[in-house]
Amino acid sequence: MHETRHNLRVDGSRLWAMIQETARFGGTPEGGVDRLTLSATDGQVRDWFRDACEAAGLEIHVDELGTQFALRRGRDMSLAPVACGSHLDTQPTGGRFDGILGTLAGLEVMRTLNDAGIETEAPLMVVNWTNEEGSRFAPATMASAAYAGLYTAEDIRSRRDAAGISVGEALDAIGYRGGEPTGARPIGAFVELHIEQGPILDAEGETIGVVDRCQGVAWYDGTITGFESHAGTTPMPRRRDAQCGLAEIALAAEAIALAHAPSAVATMGEAVIAAPSRNVVPGRIAFTLDIRDPDQGTLDAIDAALRERIAEIGTRRNLAITLDKIWSRAPVVFDASVVSAVESATRGLGLSHRRMVSGAQHDACNLADTVPTAMIFVPCKDGISHNPAESATLADCTAGADVLLQTLVALANAPQAGSTSSVSGIAAKTQSASDPSS
Ligand code: HGY
Ligand code: MN
Ligand code: MN
């Protein structure tokens with residue numbers, strides 16, 4: 001039977017158990033997960049994911065950047081797989097759901113289809129993208145960006161962490177430098193389930209976010225060079241205090257973002273004093289800035305305003321300040337047909353929902369460059385994320401996985417001539433598949 005049975009549902013308890021079970025890899029006393037990409041704990045969860053996928057009859061393939069592709073065969077293996085998934089790496093202060101929900105829900109969908117004996121026309125696939133977070137190695141979403149052709153695998157493997165370890169060395173250390181060229185594996189469509197990581201769905205009491213866009217982002221590395229001097233003997237007017245310069249830059253970034261309220265956000269997430277000492281005026285500081293907004297023109301205006309303010313601060317304080325944009329992603333509009341497939345599946349399940357823009361970056365944003373892509377959000381409590389207090393409910397995770405199931409099967413059973421029109425045909429198919437009344 002080509003159609004998913006519209007009463008087919010995932011086993012939410014089984015999904016919830018996987019989320020709790022994998023949280024032990026890098027689990028923290030606060031109940032969160034600290035599992036930096038390509039760390040030993042990331043290696044452990046990758047092994048767990050590989051074993052669980054193989055136990056579900058999926059074929060595991062690993063590319064040269066360690067991304068794991070778990071393939072479920074379809075009736076017509078000449079068709080590009082319809083994929084889902086997300087990431088299993090976390091922030092150092094990560095929670096149990098960011099990335100993990102979307103990856104494990106994909107596995108749960110495959111298990112549910114196995115239990116129901118349903119085979120799809122096109123193959124399905126669950127992907128664990130390497131280094132979505134960008135915390136240990138920049139940029140974020142680096143593996144899906146390389147898959148989309150935005151970087152070469154060689155460039156990405158050369159990126160180094162604060163300890164000077166390269167991505168290539170870290171891949172080898174956990175045995176995840178795969179043999180498959182990055183980007184070689186076709187994907188027919190990609191749907192990523194993720195917690196919202198913002199407050200909207202939770203505040204409005206909606207169950208599903210039908211994500212049709214993602215805001216743009218710019219990451220900067222900055223340095224401030226002043227002059228180390230004695231804390232007791234250096235008169236205030238003669239100081240070249242890098243720390244005070246940093247403080248002004250942080251407040252300038254905040255003020256510039258507020259000037260573009262309510263959409264723009266600015267964050268100084270890292271600041272490191274070289275050779276810090278309580279009785280030395282700081283002379284050298286490295287810092288980062290993360291700027292986001294749904295509009296590219298606004299991002300460009302913020303860039304110009306930042307550079308102007310930093311130049312003024314440097315001149316007035318006699319500091320040498322550099323600001324390098326090391327990564328940027330323009331705002332993304334997801335594929336209308338896949339968004340419509342998500343919306344139809346959500347309606348078919350009778351779940352409350354709304355359209356929304358993603359505030360966070362995701363691997364889906366890179367996939368959207370080359371593959372029809374959309375996202376599904378579920379609420380997280382108070383919008384908290386990148387914090388051990390990140391939490392979602394079993395019911396919402398289950399609802400999100402059900403929308404993923406219905407969407408994937410409808411996409412996989414729609415005619416895939418590889419053209420946009422065939423993807424738009426998917427939406428109609430989804431309507432009939434998921435809408436009991438049709
Ligand atoms: O930073 C982000 O938007 C993502 O959560 N890594
Ligand atoms: Mn994420
Ligand atoms: Mn994240």
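**View 1. Helix α12, end to end, in this predicted model.** Spanning residues 394–413, helix α12 has 20 residues and runs 28 Å from its first C-alpha to its last. That's close to the 28 Å expected at 1.5 Å a residue. Most of α12 is covered up, too: 18 of its 20 residues are buried.

**View 2. Helices α8 and α9 packed together.** Here α8 (residues 242–259) meets α9 (residues 296–317) at an angle of about 155 degrees, and their axes sit 10 Å apart. Since angles over 145 degrees count as roughly antiparallel, that makes α8 roughly antiparallel to α9. As for handedness, the α8 and α9 crossing is right-handed.

**View 3. A closer look at the residues between α8 and α9.** On the α8 side, the contact is made by C244, G245, E248, I249, A252, A253 and I256. Helix α9 answers with I302, A305, L306, R309, I310, I313, R316 and R317. Sort the residues of this contact by type and you get 10 nonpolar, one polar and four charged. A reminder for reading the spacing: an α-helix has 3.6 residues a turn, so residues three or four places apart point the same way.

**View 4. I165 and its surroundings.** You'll find I165 in the loop between α5 (153–158) and α6 (167–173). With a relative accessible area of 33%, I165 is partly exposed. Leaving out residues up to four places away in sequence, I165 touches R136, F137, R159, R160 and A170. R355 is another matter: I165 and R355 are 190 residues apart in sequence and 41 Å apart in space, C-alpha to C-alpha.

How values were computed
Residues are numbered from 1 along each chain as its sequence is written. Chains are lettered from A and ligands numbered from 1 in the order in which they are written. This is a predicted model: local features need pLDDT of at least 70, side-chain atom pairs count only at pLDDT 80 or more; totals for chains, interfaces and linings use all residues. Side-chain values use heavy atoms; hydrogens and water are left out. Axes are lines fitted to C-alpha atoms, for helices over the stretch in contact, and angles run from 0 to 180 degrees between N-to-C directions. Helices (H or I, at least four residues) and strands (E, at least two) are DSSP runs, numbered from the N terminus. Angles under 35 degrees count as roughly parallel, over 145 as roughly antiparallel, 65 to 115 as roughly perpendicular and the rest as oblique. A crossing is left-handed if the near helix is turned anticlockwise from the far one by less than a right angle, and right-handed if clockwise. Contact means heavy atoms within 4.5 Å. Ala, Val, Leu, Ile, Met, Phe, Trp, Tyr, Cys and Pro count as nonpolar, Asp, Glu, Lys and Arg as charged, and the others, Gly among them, as polar. The expected span of a helix is 1.5 Å times one less than its number of residues. Buried means under 20% relative accessible area, exposed over 50%, partly exposed in between (1.4 Å probe, protein chains only).
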